[in-house]
Amino acid sequence: MRIILFGSPGVGKGTQAKILSERLNIPHISTGDILRSAIDKKTQLGLEAKKLMDKGELVPDDIMIGIIRDTLQEERCANGYILDGFPRTIAQAKELDDLLIELNMNGKKIIVITADEEEIIRRLTNRRACKVCNHIFVLNEIEGRDTCPNCGAKDSFYQRSDDKEEVIRKRLEVFKNTTKPVLNYYEKNNKVIYVNGFGSIEEVAQRIMEKLE
Ligand code: AMP
């Protein structure tokens with residue numbers, strides 16, 4: 001199954017993508033994680049991407065399309081994947097359509113997770129992640145702990161530098177102006193599945209699984 005998971009920053013795409021990836025046994029491809037890994041490794045891409053990401057801006061389309069072109073051709077993507085964070089612009093969506101035709105990858109499912117803006121800001125400011133396994137936590141789940149409950153790494157929690165309130169507002173603005181129009185693009189030629197992102201992680205995961213069946 002090929003899934004495009006769509007929704008505003010902070011709506012829970014990453015968390016749900018990880019669950020879906022385990023349940024459906026297909027890889028979770030997060031362009032944000034790929035960029036953060038390049039930043040950790042201090043590659044040229046990482047250095048350039050960091051400047052934009054820290055301001056809440058998008059990394060240029062040609063770079064992102066190159067990353068997706070390489071990734072989708074990896075063996076692990078042969079039986080499907082969950083795309084999280086791509087496409088984010090109409091140009092990316094169009095290039096992805098062409099790429100999927102070229103690679104003979106038919107039948108994508110587009111899932112949109114929805115939530116209101118106040119809830120999103122609250123979630124993002126309370127979000128922490130593990131540097132080692134990328135697992136995402138709500139602040140109160142890890143308060144007072146120094147080891148990651150998911151992978152056992154010590155002192156590995158961090159707040160993403162783009163999860164500060166002023167950067168969050170910028171990311172939401174970029175979403176409204178540049179990424180939301182991608183949905184209109186998809187709605188013209190595809191069936192788009194909407195899922196309410198309000199509720200517990202498991203409730204939302206159940207809703208997605210039901211709609212996929
Ligand atoms: P995410 O982890 O999906 O919230 O992405 C974090 C940041 O990485 C975004 O705010 C962008 O700066 C950058 N990014 C991730 N995916 C893309 C993409 N498809 N196009 C452009 N920039 C991206």
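User: Which helices each supply at least two residues of the lining of the second largest pocket?
Analyst: This is a predicted model, in which local features need pLDDT of at least 70 and side-chain atom pairs 80 or more, while totals for chains, interfaces and linings use all residues. Residues are numbered from 1 along each chain, and side-chain values use heavy atoms, without hydrogens and water. A pocket is an open set of points on a 1 Å grid where a 1.4 Å probe fits, with protein on both sides within 12 Å along at least five of seven lines, and lining residues have an atom within 4 Å of a point. Among helices (DSSP runs H or I of at least four residues, numbered from the N terminus), those supplying at least two lining residues each are α2 (31-40) and α3 (44-53).

User: How many residues of this lining come from α2?
Analyst: The lining of the second largest pocket divides into three nonpolar, four polar and eight charged residues (charged being Asp, Glu, Lys and Arg). Helix α2 gives the largest share of that lining, namely five residues.

User: How are α1 and α9 oriented to each other?
Analyst: Helix α1 (residues 13-24) and helix α9 (residues 201-212) pack with their axes, lines fitted to C-alpha atoms over the stretch in contact, 10 Å apart and at an angle of about 55° on a scale from 0 to 180 degrees. Angles under 35 degrees count as roughly parallel, over 145 as roughly antiparallel and 65 to 115 as roughly perpendicular, and therefore α1 and α9 are oblique.

User: How many nonpolar residues has the contact of α1 with α9?
Analyst: The contact (heavy atoms within 4.5 Å) includes Ile19 and Leu20 of α1 and Val204 and Ile208 of α9. Beside three polar and two charged residues, the nonpolar ones number nine.
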